[in-house]
Amino acid sequence: MSLFEFIPHRKFPEFYEICRHTDVLRYLPAKQREYGDSYFMEEYMSQYNKSYYEDETNLRAMAKRRLRNLSKWVPIQSGDKNRKEPFQNQSLLEIGSAAGFFLDEARNSGYQTKGLELSPKEVEYSKTKLGLTVERCSVLAVEEAEWKESFDTIAAFFVIEHIEDIEGIWKRLTTWLLPGGCLYLAVPSSFGPSFQTNPNEWFRTHPSDHFFDYSVHSLKKLLSILGFDVNYVRPMSYHSYRDLGLRGKLPEWLYRLYANQFAYGDTIELIARKRKH
């Protein structure tokens, strides 16, 4: 039985189908594209006005913040009470590991790390400059059974929305994690000021290679079905000026309070733990 069953979206049937079970949105105009070196560098430059490598300091700071978040939820295994590093003897897979800055910081924190990345240049940098274990291949090229219950943590930052085979990616995320393991995601969110209050602009700027759109609500439904508990979810940014509704008129401090409480943002981060039973 399929986990997902998509039907036309009530309000935007020309753009979206919605899953009956999870409320995940399928973006109908989406198209596949190649993810080579030019894609990676051009996309990053267009969004942040600097190259990925020029932004290394900020990216490493973000990696350290994410690892601090993880340290609150990654369980200490029995017989491992005296470990010196927070993630000593823990394994981590990053899907879409780019040049490896997050993997490098995770390794420095004690993780045994592995990465999957499509860009040849970033794979080469990860391996030769940082000495990381990174494979140049799609996550879907690895069979589901090959890494069954192999990782304590799986991270994927702005990756899963690009994958057309939604059943395939979620089966792998679930199967590859050990019971009690943590899944750390960052995704664009449809529960944010852009889609909620200015859908015309949302669709005008929607990336053509994003096949699915998630939100805190759809992710909680989906993860619960798959046997996860959501431990942490927060917006990654605050754009009150984008909100054309009543929330956009709130004082900034109150807007941020609301955003944090309800994970209201155009991008969100989430940590979920796979149940042991």
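In which loop does S240 lie, and between which two elements?

Author: First, the ground rules. Residues are numbered from 1 along each chain as its sequence is written, and side-chain values use heavy atoms, with hydrogens and water left out. The model is predicted: local features need pLDDT of at least 70, side-chain atom pairs count only at pLDDT 80 or more, and totals for chains, interfaces and linings use all residues.

Now the loop. S240 sits between β10 (228–235) and α9. Element names follow DSSP runs, numbered from the N terminus: helices are H or I with at least four residues, strands are E with at least two. S240 is buried, at a relative accessible area of 14%. The scale is this: buried is under 20% relative accessible area, exposed is over 50%, and partly exposed is in between (1.4 Å probe, protein chains only). S240 counts as buried because its 14% falls under that 20% limit. Leaving aside neighbours within four places in sequence, S240 is in contact (heavy atoms within 4.5 Å) with G248, E252 and Y255.

Follow the loop into the helix. Helix α9 covers residues 252–262, and F262 lies in it. F262 is partly exposed, with a relative accessible area of 43%. Residues up to four places away in sequence aside, F262 touches F191 and V216. F262 and V233 are 29 residues apart in sequence, yet their C-alpha atoms are 8.6 Å apart in space.

Strand β10 runs antiparallel to β11, and 7 bridges join them. Two strands pair if DSSP finds at least two bridges between them. Strand β11 spans residues 267–274 and is mostly covered, with 7 of its 8 residues buried.

Next comes β8. Strand β8 (residues 177–188) pairs with β11 in the antiparallel sense, over 7 bridges. β8 is mostly covered too: 10 of its 12 residues are buried. C182 has R273 as its bridge partner in β11. Strand β7 (residues 151–157) runs parallel to β8, and 6 bridges join the two. There, T153 stands opposite C182 in β8. As a general point, side chains in a regular strand alternate between the two faces of the sheet.

C182 raises the matter of sulfur. C182 has a relative accessible area of 0%, so it is buried. C137 counts as buried at 17% relative accessibility. A disulfide is a covalent bond between the sulfur atoms of two cysteines. The search criterion is a pair of cysteine sulfur atoms within 2.5 Å. Over the whole structure, that search finds 0 disulfides.

S97 lies between β4 (91–95) and α3 (101–108). At 2% relative accessibility, S97 is buried. Neighbours within four places in sequence aside, S97 is in contact with L103, G115, L116, E117 and V134. Strand β5 takes in residues 112–117; 5 of these 6 are buried, so the strand is largely enclosed by the rest of the structure. β4 and β5 run parallel, joined by 5 bridges. L92 has T113 as its bridge partner in β5.

There is also an open sheet. Its 4 strands are antiparallel, in the order β1-β2-β3-β9. The edge strands, β1 (6–8) and β9 (212–213), each pair on one side only. Strand β3 (residues 25–27) meets β9 through 2 bridges, running antiparallel. L25 is bridged to D213 in β9.
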